[in-house]
Amino acid sequence: MNVRRLDAQDVASLQKLYKAEDFDFRLKPGSAAVDRGTVLPNVTDRFGGKAPDLGALESGAPVPRYGPRP
């Protein structure tokens, strides 16, 4: 939903470090990849809809938090 396209010609932007919180890797609503995945036991158990999404994150599900928490 919010991932900037990197320009391979702009070396300065390719070398920049980004915060993961600045990006949103969820699929856009209505995307062709929503509900198009395959059920994999113990991997895609918590999907919503007809099937798992093909994206890194399931649409409509909360974004997972990894690492230490405040």
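User: In this predicted model, where a residue counts as buried under 20% relative accessible area, exposed over 50% and partly exposed in between, is N42 buried or exposed, and what is its relative accessible area?
Analyst: N42 is found in the segment after helix 1, and its phi is near 70°, a positive value in a residue other than glycine. Because the cut-off for an exposed residue is over 50%, N42 counts as exposed, with a relative accessible area of 73%.

User: Is T44 buried or exposed, and what is its relative accessibility?
Analyst: T44 lies in the segment after helix 1, which spans 11-14, and, leaving aside neighbours within four places in sequence, T44 is in contact with T38, V39 and P52. Since buried means under 20% relative accessible area, T44 counts as buried, at a relative accessibility of 17%.

User: Which side chain of opposite charge is nearest to E58, and how far away is it?
Analyst: E58 lies in the segment after helix 1 and is buried, yet E58 has no salt bridge. A salt bridge needs a side-chain nitrogen of Lys or Arg within 4 Å of a carboxyl oxygen, whereas the nearest side chain of opposite charge to E58 is that of R46, at 11 Å.

User: Which backbone nitrogen does the side chain of E58 reach, and at what distance?
Analyst: Leaving aside neighbours within four places in sequence, the contacts of E58 include D35, F47, P52 and D53. One of these residues, D53, supplies the backbone nitrogen that the side chain of E58 reaches, at 3.1 Å.

User: What distance separates the C-alpha atoms of S31 and S59?
Analyst: S31 lies in the segment after helix 1 and counts as partly exposed, at 27% relative accessibility. S31 and S59 are 28 residues apart along the chain, and their C-alpha atoms are separated by 10.0 Å.

Note on methods. Residues are numbered from 1 along each chain as its sequence is written. This is a predicted model: local features need pLDDT of at least 70, side-chain atom pairs count only at pLDDT 80 or more; totals for chains, interfaces and linings use all residues. Side-chain values use heavy atoms; hydrogens and water are left out. Helices (H or I, at least four residues) and strands (E, at least two) are DSSP runs, numbered from the N terminus. Buried means under 20% relative accessible area, exposed over 50%, partly exposed in between (1.4 Å probe, protein chains only). Contact means heavy atoms within 4.5 Å. Lys and Arg count as positive and Asp and Glu as negative; His and the chain ends are not counted. A polar contact is a pair of N or O atoms within 3.5 Å; within protein, one must be able to donate a hydrogen and the other to accept it, and residues adjacent in sequence count only if both atoms are side-chain atoms.
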